[in-house]
Amino acid sequence: MSSKKDPELPVQPKSGFSRRGFIRGVGIGSGVLGTTGLLPKEAAAAPGAAVVGPGPVAMTLTINGKPVNLTAEPRVTLLDAMRNYLDLTGAKRVCDRGTCGACTVLINGKSVYSCTTLAIDAQGKKIETIEGLPVNNPVSAAFVNHDGQQCGYCTPGFVMAAHGFLREHPNPTEADVEHGLCGNLCRCGTYMGVRKAVVEAAKGMKGGSNG
Amino acid sequence: MQAFEYANPNTLQEATGLLGAQWGDAGVLAGGTDLLSLMKENLHTPKRVVNIKNIKELEGIHRSGGGLRIGALVTIDELAKSHEAPRSLVEAAEYIPSPQIRHMGTVGGDLCQRPRCWYYRQGMGLLAMKDGKSLVPGGENRYHAIFGEGPAYFVSASSLGPALVTLGARVKLVSAKGSREVPVASFFVAPADENSRETVLRPDEILTEIIVPNTTMKTATYEVRQKEALDWPLAAASVALTMSGNKVTAAKVVLGHVAPTPHVATAAEEALKGQSVTEATAESAGKAAVEGARPLSQNAYKVTLAKVAVKRALLGAVKA
């Protein structure tokens, strides 16, 4: 395992498959636990604490209610694990530094940047992505109604951030939305439409689950 | 990002046993918002990442005899919603954008995050030294320090630090060898050379909790930033006032993001003694707070922002 290059993609590709087809196939690989530690013996693990890696590690993530298995190095982010190992390409990789919000998913109901979360650290938590929402969910529908997107690249992140926001703020004003979605950027400048869309979505969700 | 081994301890003892004597040995993972960025830029290439999020004793805000104990894993979001924490601390947490960062980021991480100085983040070193001289005074310094005489010109990135200093808070630092409590005021230091750091935290230590003494002081934080989206403040001020009637008997005024450490504005504290807080006295205190400022070539505007932050924090503190 090279430590020079980030394992954005699983290594050792099989032949004759598309990239995504291959990636999907990797699924439950051989979970190679790190046998040679990087630290000298003096700083070796205290008894009881499991140390894994730096090579690929078998892990299980709970995404949109379903457990999924993958084998990836500890340094693989949740975003790269979803996009490159699990064929969940809704969350987008843009800044990769926890700034733009295009990778936003919900973890245990709260919006987070999946580019700044390690996949191995997301185990045992409830991860919700854009793929888990019904196509006609109120937020997505309102984005369509109000031109809340132009190129659309930031939209999955905005929609997930809006879902997280609306769970805590069921009756927002446009100013609340502006403040509450300040962790997402849109290069096309569709903020006006996004604000209107989220206010409308909130009204549409009254009395029901907001998914 | 360089490869690393990953440890998931359940106790503080296990966690401290996994750290090393050098910074490169291990990285402590809590919210990860700074650690992962540093690792992606190869500014920090730890051989081992120690996830401390499963250590239950680092969670929660608890009132005990001596005051409020805020666990290092308390998120910025939790602190911003706390009914227990002093107002200046809650306000400082509320200012931190964005929701995602508030959900992920922790109070321990706010204090331990590395400076945002773009020279440092571009890999030019904490002091950005070239041929024995800092590149900052003659370079791109619009977001840099307006206090201090170098060689450190970065500003402390901590948003909670100034409020914690005004409150007389301490941090607990634990290593495998033992623990120590350090006042937040002396946790932050201005490094004198490239081998030093901006806090007294050692590589084998974990910041486990913040201890905020019980207080009846009137407190507030005011922050000035360029935009509401994810960004760091240009200047901030936290104040804590001990009052007798409507007169200030003792004041703590600390500026953020204007120096390599939270900057105690002693002259402003003196100016407020015996005064009631009005537009006029708050403005005078603001002026006193920036006495001795030494702005660089591009950041004189920060002197005005710091002055205004002090004035507005003071007026906020006495508002019902």
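Trainee: Where in chain A does P54(A) lie?

Mentor: P54(A) lies in the loop between β1 and β2 (57–63) of chain A, where helices (H or I, at least four residues) and strands (E, at least two) are DSSP runs, numbered from the N terminus. This is a predicted model, in which local features need pLDDT of at least 70 and side-chain atom pairs count only at pLDDT 80 or more, while totals for chains, interfaces and linings use all residues. Residues are numbered from 1 along each chain as its sequence is written, chains are lettered from A and ligands numbered from 1 in the order in which they are written, and side-chain values use heavy atoms, with hydrogens and water left out.

Trainee: Is the peptide bond from G53(A) to P54(A) cis or trans?

Mentor: The bond from G53(A) to P54(A) is cis, with omega near 5 degrees. Another cis bond joins P97(B) and S98(B), where omega is about -10 degrees, and S98(B) is found in the loop between α4 and α5 of chain B. As a background rule, most peptide bonds are trans, and most residues other than glycine have a negative phi.

Trainee: Why is the pair of K40(B) and D96(A) called a salt bridge?

Mentor: The name needs a side-chain nitrogen of Lys or Arg within 4 Å of a carboxyl oxygen of Asp or Glu. In K40(B) and D96(A) the closest N and O atoms are 3.0 Å apart, and therefore the pair meets the rule.

Trainee: How many residues does each chain bring to the contact, and how much area is buried?

Mentor: With contact taken as heavy atoms within 4.5 Å, chain B brings 38 residues and chain A brings 46. Between them the chains bury about 3500 Å², 57% of it on carbon and sulfur atoms, where buried area is the accessible area (1.4 Å probe) that two parts lose on being put together, summed over both. In chain B, Y6(B), K40(B) and Q100(B) lose the most area to chain A, together 18% of what that side buries.

Trainee: What makes β1(A) and β1(B) a pair of strands?

Mentor: Two strands pair if DSSP finds at least two bridges between them. Strand β1 (residues 51–52) of chain A and β1(B) have two bridges, in the antiparallel sense, so they reach that limit. Within this pair, V52(A) stands opposite Y6(B).

Trainee: Which strands make up the open sheet, and in what order?

Mentor: The open sheet has four strands in the order β1(A)-β1(B)-β3(B)-β2(B), with mixed pairing. Its edge strands are β1 of chain A and β2 (26–29) of chain B, each of which pairs on one side only. Inside the sheet, β1(B) and β3(B) pair in the parallel sense over three bridges, and E5(B) stands opposite R48(B) in β3(B).

Trainee: How confident is the predictor in chain A and in chain B?

Mentor: On the pLDDT scale, the predictor's confidence in each residue from 0 to 100, chain A has a mean of 84, and 75% of its residues reach 70 or more. Over residues 13–37 of chain A the pLDDT is below 50, and this stretch has 39 contacts in the model beyond near neighbours in sequence. Where pLDDT is low, the predicted coordinates should not be read in detail. Chain B has a mean of 96, and 100% of its residues reach 70 or more, while the complex receives an ipTM of 0.95 and a pTM of 0.91 from the predictor.
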